[in-house]
Amino acid sequence: MLKFCDFRGFQSMKLLMMVVLSIFLLVSGDEDAFIGVNIGTDLSDMPHPTQVVALLKSQQIRHVRLYDADRGMLTALANTGIKVVVTIPNDQLLGIGQSNSTAAHWVSQNIVAHYPATNITTICVGSEVFNNLPNVAPVLVTALKFIHGALVASNLDRQIKVSTPIASTIILDSFPPSQAFFNHSWSPVMAPLLKFLQSTGSSLMLNIYPYYDYMNSNGVIPLDYALFKPLPANKEAVDANTLLHYTNVFDASVDAAYYAMASLNVTNVPVLVTESGWPSKGDPNEPDATSDNANTYNSNLIKHVLNQTGTPKHPGIPVSTYIYELYNEDIKEGSVSEKNWGLFDANGKPIYTLQLTNSGPTFANNTGNLSHCVAMEGADKKMLQAALDWACGPGKVNCSALLQGQPCYEPDNVVSHANFAFDAYYHMMGRGEGTCDFNGVATLTSTDPSHGSCQLFGNGGMNGTSLNSTIADFNSTSSSAGGGGYGGAGVLMKVVFVLAVVVL
């Protein structure tokens, strides 16, 4: 028999439905958690956009955030499927926040001109405006609305979201998380900002840096707690109000943001972490800015996000994150650590080795799996040929398998042949650091390029048995060519390569 609830039962049902709807909206913000990277450009030798994209592809990175809307980068990213976040720099924010037509022009020039070939998914309107440009903060929400209105006019508002990254430092009393609130001086901006994000289905963008939390805690925060390292139960941080246990700074920061939003009566806006990372080098007063700690933090962060662990407040709800950052920015102002947050140097060489066993395909730069050295996608064909000539000549690789009629001859092109020679040399040199470079046209990968009867060295194939030299031979001054068909050309390449190995 159908039974009707009384008014109190109806109110309880209504409350339950609101909670369920809030959770649904949080989950539907992004079906699966992802890891992306930020791409800064303060490098003395910034790679060409095509080289940047080649690195992204080789590392299977599918999400990137740019700090501008550089036309060269957006063009290079076209037709790659990589999801792109673009940014309106802070110095353009005031003009856009004061003029609807300026916002429309920006969208026309930087979004409409590239979409959909370039898969732009989000626009960041400024970055950490409350901290970096507080005098412009009063027009921030207006700027967001103007940009969103321009997307509506272009019929792109469903495909492209609009938000603004904020620093976690504007969240006060962040532990215990249940007591967290946004700095009250910014309430006149934060309240309408959250309402905008809620009405447009956008995320609260949050920059989280456990490194700085740890450094500024005067010893209160343990290093292991900042690095996602396992903690005994009695060392976990407990929120006395909720009795939720926290095992790392990252989760506590995300939940602090959720509680801070709830204090402004917003409960259905998901958190997207737009920056997080750890520096691999620092000044003498930064002893914990090391490559080992950077490796530990970023590796654990990636696994934590991709496992869709969620947070104690919202277990299982994705917290997608962009790692700060792709490259070390050697000309960035500030301390040594400010220049050393990157995963790679300007040549695309890993700063350290990520430990990502069983964490999925993202970041092929996984030491346990990087067993092959191949031609970098998009590399200049003439440079590839020069590197191939060097490997099969002065490099002492036996390239006879590349001769016509031999197992690795087909396909007869420089990329396929370079894959063979580079991989052979890499294994001949014991997979040592600096032995997969070839003047910047080679890269490490976990993807086996073997094909048909041509089985390369890292896959139990030739196992180096067809190599005709040793490391001692490499160090020899002999210039005799090895491997028929490829001469001993590329003397300059040899000099450059040897210097690179010595420097590394």
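Which hand does the link of Cys 373 and Cys 436 have? With 90° about the S-S bond, this link turns out right-handed. The structure is a predicted model, so local features were taken only at pLDDT of at least 70 and side-chain atom pairs only at pLDDT 80 or more, while totals for chains, interfaces and linings use all residues. Residues are numbered from 1 along each chain as its sequence is written, and side-chain values rest on heavy atoms, with hydrogens and water left out.

Back to the cysteines. A disulfide is a covalent bond between the sulfur atoms of two cysteines; here it was called for a pair of cysteine sulfur atoms within 2.5 Å. Searching the whole structure on that basis turns up three disulfides. In the one between Cys 373 and Cys 436, the sulfur atoms sit 2.0 Å apart. That pair ties together distant parts of the chain, 63 residues apart: Cys 373 belongs to strand 14 (residues 372-375), and Cys 436 to the loop between helix 14 (414-428) and strand 15 (442-445). Helices (H or I, at least four residues) and strands (E, at least two) are DSSP runs, numbered from the N terminus. Both Cys 373 and Cys 436 are buried, a label that stands for under 20% relative accessible area, against over 50% for exposed and partly exposed in between (1.4 Å probe, protein chains only).

Next comes the disulfide that joins Cys 392 to Cys 399, at 1.9 Å from S to S. Its torsion about the S-S bond is about -85°, so the link of Cys 392 and Cys 399 is left-handed. Cys 392 counts as buried because its relative accessibility is 0%, and Cys 399 is buried with a relative accessible area of 0%.

Cys 408 and Cys 454 are also joined by a disulfide, S to S 1.9 Å, and with 100° about the S-S bond their link is right-handed. With the bonded cysteines numbered in sequence order, the pairing reads 1-5, 2-3, 4-6.

On to the rings. The structure holds 19 aromatic pairs, where rings of Phe, Tyr and Trp (its six-membered ring) pair if their centres lie within 6.5 Å, with planes under 30 degrees apart called stacked, over 60 edge-to-face and the rest tilted. Tyr 209 and Trp 341 form an edge-to-face pair, 5.2 Å centre to centre with 80° between the planes. This pair spans 132 residues, from Tyr 209 in the loop between strand 9 (204-207) and helix 9 (210-215) to Trp 341 in the loop between strand 13 (321-323) and strand 14. Tyr 209, at 12% relative accessibility, counts as buried, and so does Trp 341, at 1%. Both rings belong to one aromatic cluster, whose members include Phe 228, Phe 250 and Trp 278.
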